[in-house]
Amino acid sequence: MSATDTVEQQVAEANGAAEAKFSMELSDDQKDIRDWVHGFAEGVVRPAAHEWDEREETPWPVIEEAAKIGLYGFEALAQFFADPSGLTMQIANEELFWGDAGIGMSIMGTSLAVAAIFGNGTPEQLGEWVPQCFGTPDDVKVAAFCSSEPDAGSDVSAIRTTAKYDEAKDEWVLNGQKAWATNGGIAGVHVIIASVDRELRSRGHAAFVVPPGTKGLEQGTKVKKHGLRASHTADVHLDDCRIPGSCLLGGKEKLDERLANAREGKRSKGQAAMRTFEMSRPTVGAQALGIARAAYEYALDYAKEREQFGRKIIENQAIAFTLADMKMEIDAARLLVWRAAWMGRAGHDFENAEGSMSKLKAGEVAVWATERAIQILGGNGYTREFPVERMHRDAKIYTIFEGTSEIQRLVIARAISGMQIK
Ligand SMILES: Cc1cc2nc3c(=O)[nH]c(=O)nc-3n(C[C@H](O)[C@H](O)[C@H](O)COP(=O)(O)OP(=O)(O)OC[C@H]3O[C@@H](n4cnc5c(N)ncnc54)[C@H](O)[C@@H]3O)c2cc1C
């Protein structure tokens with residue numbers, strides 16, 4: 001556009017640019033994937049949700065079903081990730097978790113380990129370990145990503161699990177205790193974050209694959225949880241757990257170089273790590289959105305059916321306005337999730353921690369909306385006979401894991417201020 005263009009030319013050009021660059025319309029591919037995942041969530045996941053929540057066990061038959069239709073496996077994840085707009089991964093997660101969050105996490109939990117292998121591994125390591133994370137449709141496996149420890153939650157730099165290199169045998173020896181690991185102990189592949197040099201704190205960390213069946217890795221206590229009960233969470237103990245040298249993700253040469261830089265006080269690639277977190281956060285937000293939307297839809301239908309004082313309860317503004325606010329908050333959260341996903345995929349810098357914003361907003365909306373849904377259902381909402389009670393329990397984890405709400409606010413506050421807010 002130049003100063004000599006007529007207004008008509010400028011408008012026409014601006015319209016053209018808008019058409020090419022911005023659209024809220026989903027593509028046919030995105031709609032197809034949304035409908036495919038929704039169909040599975042509605043037909044298979046939802047009917048099984050109550051049972052597996054009560055059993056507090058991994059729903060292996062549902063994971064197997066997902067694997068049979070190609071929804072559980074690396075190909076599906078790669079297909080979701082391939083979308084250049086960044087939205088397909090979010091759309092798929094929202095639909096699956098709309099079905100049920102506990103089962104959703106049983107299906108998607110493996111992707112935490114896959115993302116760590118993807119982010120840190122060499123192409124050979126990807127080829128070797130990623131297929132083993134999923135197994136095959138006839139012999140399905142899950143994988144676990146183990147970073148948190150009893151004394152290292154929000155403060156990841158406090159990790160105490162050690163990895164020592166035994167040069168004579170070209171093996172790494174892992175010792176320590178991991179906490180809260182999704183799929184911990186029941187996984188085939190475990191990805192372990194361990195310290196190779198504690199003085200360097202998080203700059204001395206490295207990621208290791210512990211192959212299936214390795215001696216010295218044992219499941220500890222299985223956690224009995226408030227929500228997400230179909231997803232297995234447990235401690236993992238590493239007791240002189242020996243793994244081949246090749247299981248260090250990224251390889252020894254790269255690690256030695258990184259450690260040498262850290263010891264010399266050279267700048268770290270902390271920005272790169274932060275970017276990885278910012279890119280993964282919208283996906284977690286999308287899961288929370290799925291729960292929130294499920295609770296909203298259930299409450300809306302209920303409010304249109306339930307009668308008190310001779311009219312539907314939705315005919316009272318108190319109820320109708322609550323539903324209006326629920327819809328608005330969920331849509332607002334989705335826009336933040338989609339924006340951050342698009343930014344990540346398009347290579348934009350997260351200058352204001354937009355990834356953290358998306359996860360924070362979606363998590364808090366999910367907790368609030370599911371609580372409102374219980375209120376709209378009255379006494380029924382408080383019972384296990386109606387799904388909003390489970391949804392509320394499931395939603396709460398989204399203000400805690402993958403960075404608590406306080407930590408997300410810290411990240412945003414630091415990004416907008418450029419200061420070391422404590
Ligand atoms: C169901 C479930 C599944 C999980 N899955 C995994 C997994 O697969 N892999 C894995 O590695 N981990 C996993 N986690 C662990 C999870 O990531 C941690 O629970 C989370 O990071 C918080 O750590 P913490 O529980 O130790 O809480 P803490 O870090 O002890 O925090 C306690 C409170 O203090 C606040 N706080 C801490 N530091 C600050 C600060 N600087 N400023 C303000 N407030 C602060 C927190 O926000 C929180 O409110 C899972 C946890 C759960 C419950």
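In this predicted model, a polar side-chain atom of Ser-154 lies 2.7 Å from an oxygen atom of the ligand, and the side chains of Thr-404 and Glu-406 each place an N or O atom at the distance from a ligand oxygen listed below, where a polar contact is a pair of N or O atoms within 3.5 Å.

| Residue | Distance to a ligand oxygen |
|---|---|
| Ser-154 | 2.7 Å |
| Thr-404 | 2.6 Å |
| Glu-406 | 2.7 Å |

Taken alone, the ligand exposes 980 Å², of which the protein buries 66%, with areas computed by the Shrake-Rupley method and a 1.4 Å probe. The elements that give two or more residues to the shell are β5 (171–182) and α14 (405–417), and β5 supplies the largest share, three residues. By class, the shell holds eight nonpolar, seven polar and three charged residues.

Helix α7 (residues 110–120) packs with helix α8 (residues 123–134) at an angle of about 180 degrees, their axes being 10 Å apart. That makes α7 roughly antiparallel to α8, a term used for angles over 145 degrees. Thr-110, Val-114, Ile-117 and Phe-118 are the α7 residues that meet α8, whose partners include Trp-129 and Phe-134, contact meaning heavy atoms within 4.5 Å.

Residues are numbered from 1 along each chain as its sequence is written. Because the model is predicted, local features need pLDDT of at least 70 and side-chain atom pairs count only at pLDDT 80 or more, whereas totals for chains, interfaces and linings use all residues, and side-chain values use heavy atoms, leaving out hydrogens and water.

Note on methods:
Axes fitted to C-alpha atoms, helices over the stretch in contact; angles between N-to-C directions. Helix = DSSP H or I, 4+ residues; strand = E, 2+ residues; numbered from the N terminus. Parallel < 35°, antiparallel > 145°, perpendicular 65-115°, else oblique. Polar contact = N/O pair within 3.5 Å; in protein donor to acceptor, adjacent residues only side chain to side chain. Nonpolar A, V, L, I, M, F, W, Y, C, P; charged D, E, K, R; others polar.
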